[in-house]
Amino acid sequence: MAELLVRDMGKLRESLAEAARTDESTIDRVVARFIELRPGIDDKLGARRHHMLTGRRGTGKSTLLHVVRKRLEKKGVAVATVDMERFKGREFPDVLIEILIALLAAMRPEVRFKHLWPDQLLKSRETKLRKELLAALNDPQSLTRRIERTASRKSKLGVGGSGAAAWQGVGFKSTGGIEHAKDSTSIAAAQYEELKIQRLQQLAPRISEVLKSLVDRTAEKYALIFIDDYYFVRLADQPNVLGYLHQVCKGTGVWLKIGGVGSRLNPFVDGDPPVGMQLTQDMDGLALDVTLDDFATAQGFLEKMLDGVMEPHGISTPQLFTDESRNRMVLACGGAVARDYITLTDDAIDEAVERMSKAKTYKEDAVVRITSADVQRAVRKRMNNKEQESLGLDAGADAGLLSARWRDICDFIRESGEIVFILVKQADLDGTTWGKEVQQLENLRLLHRIKDAIPNTMGWRGIKTMVFMVDLGQIANQRLRTKIPEFWKSTAEFDKLRRAEWVYSPGWRESQ
């Protein structure tokens, strides 16, 4: 492996830009260099079982889904992929209809010569069903329908000698009279409201039948549906969408793989009847996160992943980074967040080039080496964009509350002397509304979980807290001149984080 020279930077940065996102244009290269975060997770995801794949944004959920899809397709397994970002903001049940249309389109059958008639019939059924779903999608949320019933009865007109007459079968007999038959018609009409979801329920048995027919014609006799970025479905609607999908997929050989940010997923609501899909009962959970608690695993994965991107250019991680900056990179990403690691590497190269230019050492044959100071400057510059992405794009309806909580935490660390870590009581984290907000900030990569600890003062004996590292972009460069405790190396280093004055709660201002 060689070092990175200034003249070779262009091609490397092109590779970094491509590696930051996985799509159809890059998937073959991604599959070739794919590194498993945990052994066997890709095989488990491809199993005949419903799964909920969770992880912070950028941890590689979409990449894993793409890799598993490619491998299964080579085996002859039918796979459909639905990207929920396309349907962001859709109301229920329209978002469900969009998923069903995309699903049927992805599994659209091809007509085989040897099975011409049954395949043509199946294709016709699938096409008709999609047209009905499209029509429902364009309809209003409710329709007013009118129903009419008609009834006919025969009446007899009797005419006697006296000229008297009786209608509707009431009269008298006359030996000299005559009878005439007459029809009468009555109409009963009523109006009622039909909701769009009611029409979808009527279509459910037909959707199930078509799905089963599509699966039965495949080589492996099962199919997988990857629904990526499921958190773009509104939280309140998520159980209803999953409940319907579970209903139509049951017994068909179709298995659901749902991916999203953990704190933004709401798969199940208990009730009478329950709605959605319950973890451990209806589906298994697969967590993709490796946090700072497992620093060595996170660092090993990130560096192997980056080595795969840089291998065509003959560069490895130890040649590009100093030893201290390698640790700083993992800290800045908050663990194994692959996308952050790649984009931060690219930004840190910018900072290294700027530093070299100021020192007048920037030349064609000069070696580019990233230092911890380069990493920190890059982190600081990208902080505003990261906040906007995390709070503006991913937080949904909770954006306002989470932004306020984040600002309060930032005030706390500044008032406490630009600390890098905060502690939160475990009871508050699990049992309060603001504790749930802290957990969401963690999933949005603004706080990074380390592990639980008991503060090292007598007043906190037996009270468990969780230690978080604040995103380094919020910390001033001056504060980071002091070395961050290497908590991943020894208990003694971790004990430096167990400080009672770092315990955060919303009432911190009153306690000062």
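Okay, some housekeeping. Residues are numbered from 1 along each chain as its sequence is written, and side-chain values use heavy atoms, with hydrogens and water left out. Since we're looking at a predicted model, local features need pLDDT of at least 70 and side-chain atom pairs count only at pLDDT 80 or more, while totals for chains, interfaces and linings use all residues.

Let's start with the sheet. When I say helix or strand, I mean DSSP runs numbered from the N terminus: helices are H or I with at least four residues, strands are E with at least two. Two strands pair if DSSP finds at least two bridges between them. With that, there's an open sheet of 5 strands, in the order β2-β6-β7-β1-β10, and the pairing is parallel. At the edges you'll find β2 (78-83) and β10 (284-287), each of which pairs on one side only. On average, neighbouring strands here are turned by 20° against each other, direction ignored.

Have a look at β1, residues 51-54. What does β1 pair with over 4 bridges, in the parallel sense? That's strand β7, residues 254-260. If you want landmarks, H51 stands opposite K257 in β7, and T54 stands opposite G260. β1 is also joined to β10 by 4 bridges, again running parallel, and there L53 has L286 as its bridge partner.

Now for an antiparallel example. Strand β11 (residues 421-425) pairs with strand β13 (residues 465-470) in the antiparallel sense over 5 bridges. K425 is the residue standing opposite T465 in β13. β11 is mostly covered, with 4 of its 5 residues buried. Buried, by the way, means under 20% relative accessible area, exposed means over 50%, and partly exposed is in between, using a 1.4 Å probe and protein chains only.

On to the helices. Axes are lines fitted to C-alpha atoms, for helices over the stretch in contact, and angles run from 0 to 180 degrees between N-to-C directions. Under 35 degrees counts as roughly parallel, over 145 as roughly antiparallel, 65 to 115 as roughly perpendicular, and the rest as oblique. Take α6 (residues 116-138) and α7 (residues 196-216): their axes come within 11 Å and cross at roughly 155°. So α6 is roughly antiparallel to α7. That crossing is left-handed, which is to say the near helix is turned anticlockwise from the far one by less than a right angle; clockwise would be right-handed.

The other pair is α1 (residues 9-19) with α12, packed at an angle of about 150° with their axes 8 Å apart. That makes α1 roughly antiparallel to α12, and this crossing is left-handed too.

Next, the rings. Rings of Phe, Tyr and Trp (its six-membered ring) pair if their centres lie within 6.5 Å; planes under 30 degrees apart are stacked, over 60 edge-to-face, and the rest tilted. That rule gives 10 aromatic pairs. One of them is F321 with Y341, a tilted pair at 6.5 Å centre to centre and 40° between the planes. This pair links distant parts of the chain, with F321 in the loop between α10 (317-320) and α11 (323-333) and Y341 in helix α12 (residues 338-358), 20 residues apart. Both F321 and Y341 are buried.

Why is the F487 and W488 pair edge-to-face? Because the ring centres are 5.1 Å apart and the planes are at 90°. F487 is buried at 6% relative accessible area, whereas W488 is partly exposed at 22%. Ring pairs also link those two with F295, F421 and W502 into a cluster.

Last stop, the backbone. Most residues other than glycine have a negative phi, and most peptide bonds are trans. A cis peptide bond joins F92 and P93, with omega about 10°, and P93 sits in the loop between β2 and α5 (94-106). Another cis bond joins D272 and P273, with omega about 5°.

As for positive phi, D229 has about 55° without being a glycine, and D229 is buried at 12% relative accessible area. K360, also not a glycine, has a phi of about 60°. Is K360 buried or exposed? It's exposed, at 70% relative accessibility.
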